[in-house]
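Here's a quick briefing to read with the model open beside you. It goes from the overall fold to the helix packing and then to a few single residues.

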Amino acid sequence: MGIFDDAVPGGNISKPIMIALGALLVGKLLGGGGSQTDPAAQQTNPQAGDGGLLGGLGGLGGLLGKLTEAGQGDTVDSWVQPGQNRPIAPGSLNDALGSKTISDLARQAGISEQELLNQLSTVLPGVVDKLTPRGQLPTQEQIAALFHS
């Protein structure tokens with residue numbers, strides 16, 4: 001899919017995982033099956049609900065906050081700061097994000113929850129690392145623009 005291919009082992013992120021990443025990082029579901037959600041609306045209120053999927057997650061910052069609250073702070077810091085990225089277990093992602101979020105993401109991406117967790121645990125460290133090259137979080141607008149390039 002291009003923009004993040006060099007951020008992950010094997011160099012290729014599948015479309016279903018790009019859909020899930022878009023939902024997690026921008027805070028809205030992007031593309032996939034049914035109707036597409038316009039991330040421009042998300043930019044004005046990054047924590048606005050969209051029918052309940054990820055309304056309170058708040059994009060990349062919210063995602064990293066959830067992971068930190070779930071005891072993954074050292075892991076998250078390794079992704080954001082320069083140096084080696086620590087891995088995250090699929091179960092740790094599930095615990096941090098919650099089963100409803102995982103279920104909703106998997107349904108939108110068209111893959112099983114376990115496959116989603118397995119793939120996200122592989123690609124998320126590299127994607128976050130690539131989005132934070134100087135140890136700073138990008139804005140919601142910058143992330144949204146990457147998914148539309």
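What follows is a short tour, grouped by topic.

This is a predicted model, in which local features need pLDDT of at least 70 and side-chain atom pairs count only at pLDDT 80 or more, while totals for chains, interfaces and linings use all residues. Residues are numbered from 1 along each chain as its sequence is written, and side-chain values use heavy atoms, with hydrogens and water left out.

**Overall fold**

- The protein has 7 helices and 0 strands; helices here are DSSP runs of H or I with at least four residues, strands are E runs of at least two, and both are numbered from the N terminus.
- Along the sequence, that reads as α-α-α-α-α-α-α.
- Of its 149 residues, 46% count as buried (under 20% relative accessible area; exposed is over 50%, partly exposed lies in between, with a 1.4 Å probe and protein chains only).
- Take the contacts (heavy atoms within 4.5 Å) between residues at least 6 apart in sequence: 63% of them join residues at least 24 apart.

**The nonpolar core**

- A nonpolar core is a set of buried Ala, Val, Leu, Ile, Met, Phe, Trp, Tyr and Cys residues joined through side-chain atoms within 4.5 Å.
- The largest one has 34 residues, and L21, L25 and L67 have the most contacts inside it.
- Helix 1, helix 3, helix 4, helix 5, helix 6 and helix 7 each give two or more residues to this core.
- Leaving out residues up to four places away in sequence, L67 touches Q72, G73, V76, W79, I88, L93, A96 and L124.

- The axes of helix 3 and helix 6 come within 12 Å and cross at roughly 90 degrees; axes are lines fitted to C-alpha atoms, for helices over the stretch in contact, and angles run from 0 to 180 degrees between N-to-C directions.
- That makes helix 3 roughly perpendicular to helix 6 (65 to 115 degrees; under 35 is roughly parallel, over 145 roughly antiparallel, and the rest oblique).
- On the helix 3 side, the contact uses L60, L63, L64, L67, W79 and V80, and on the helix 6 side L124, P125, V128, D129 and L131.
- By class, this contact has 10 nonpolar, no polar and 1 charged residues (nonpolar: Ala, Val, Leu, Ile, Met, Phe, Trp, Tyr, Cys and Pro; charged: Asp, Glu, Lys and Arg; polar: the others, Gly among them).
- Helix 4 packs against helix 6 at about 100 degrees with the axes 8 Å apart, so these two are also roughly perpendicular to each other.
- Here P90, L93 and N94 of helix 4 meet Q114, L117, N118, L120, S121 and L124 of helix 6.
- This contact divides into 5 nonpolar, 4 polar and no charged residues.

**Helix 5**

- T101, I102, D104, L105, A106, Q108 and A109 are the buried residues of helix 5, and their cover includes helix 1, helix 4 and helix 6.
- Just after helix 5, G110 takes a positive phi of about 80 degrees.

**A glycine to look at**

- G71 sits in helix 3 and is exposed, with a relative accessible area of 60%.
- G71 and D95 are 24 residues apart in sequence and 9.9 Å apart in space, C-alpha to C-alpha.
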